[in-house]
Amino acid sequence: MASRGSHHTYEDNYMLNSANSLTLGCDCLGTIQYFDGVLNDHKGEPSLIKNAVCIHEEDAGTLWKHTEYRTGKVALARSQCLVISFIVTVVNYEYVLYWYLYTDATIAFEIKATGELSTNLLEQGAIPSGYGTTVAR
């Protein structure tokens, strides 16, 4: 029987080992709790990434509201959201990953890609390889 290999791929390990050390005011705002990440390097040795994960709480609007029609008394509960974030740099892009844990037990995930466009020059007379787009000659 052929081995199917590990469910973890090279990309998984590359992404984890490319984690950014997050900084207050730049990557995370407000009252923050940071957690270090300890991963293994290519030799299997522990590798520390300071402030790899950021956790903070945000107001998420009205959870519920009721106005008692007989008395006019209003009761309101605010929703809170625990935000867990993690940023990795893969070549020229940053991937910003957010997990949202809400008071009503809703869990959401968001990933944003940001970074810089990677451009390269061709040598004079070179023929494009078929990858990418030639924008000028």
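The legends below describe close-up views of one predicted protein model.

Residues are numbered from 1 along each chain as its sequence is written, and side-chain values use heavy atoms, with hydrogens and water left out. Because the model is predicted, local features need pLDDT of at least 70 and side-chain atom pairs count only at pLDDT 80 or more, while totals for chains, interfaces and linings use all residues.

View 1. Helices (H or I, at least four residues) and strands (E, at least two) are DSSP runs, numbered from the N terminus. Of the 137 residues in the protein, 20% are buried, where buried means under 20% relative accessible area, exposed over 50%, and partly exposed in between (1.4 Å probe, protein chains only). The protein exposes about 10,900 Å², and carbon and sulfur atoms supply 55% of this area; accessible areas come from the Shrake-Rupley method with a 1.4 Å probe, and for residues only the protein chains shown count as cover.

**View 2. Five strands form an open sheet with antiparallel pairing.** The strand order is β1-β2-β3-β4-β5. At the edges are β1 (32-40) and β5 (107-115), each pairing on one side only. From one strand to the next, the twist averages 25°; axes are lines fitted to C-alpha atoms, for helices over the stretch in contact, and angles run from 0 to 180 degrees between N-to-C directions. Two strands pair if DSSP finds at least two bridges between them. In general, strands of a sheet pair through backbone hydrogen bonds.

**View 3. Strands β1 and β2 form a hairpin.** Eight bridges link β1 to β2 (residues 46-67) in the antiparallel sense. Ile32 stands opposite His56 in β2. Five residues lie between the two strands of the hairpin, and Gly44 takes a positive phi near 90°.

**View 4. Tyr93 is found in strand β4.** β4 (residues 93-102) runs antiparallel to β5 and is joined to β5 by nine bridges. The bridge partner of Tyr93 in β5 is Gly115. Tyr93 counts as partly exposed because its relative accessibility is 34%. Leaving aside neighbours within four places in sequence, Tyr93 is in contact (heavy atoms within 4.5 Å) with Val88, Thr114, Gly115 and Glu116. An unreviewed UniProt entry lists Asp12 and Tyr93 for "active site"; UniProt positions are given in the numbering used here, feature names are shortened, and annotations may be inferred rather than shown by experiment.
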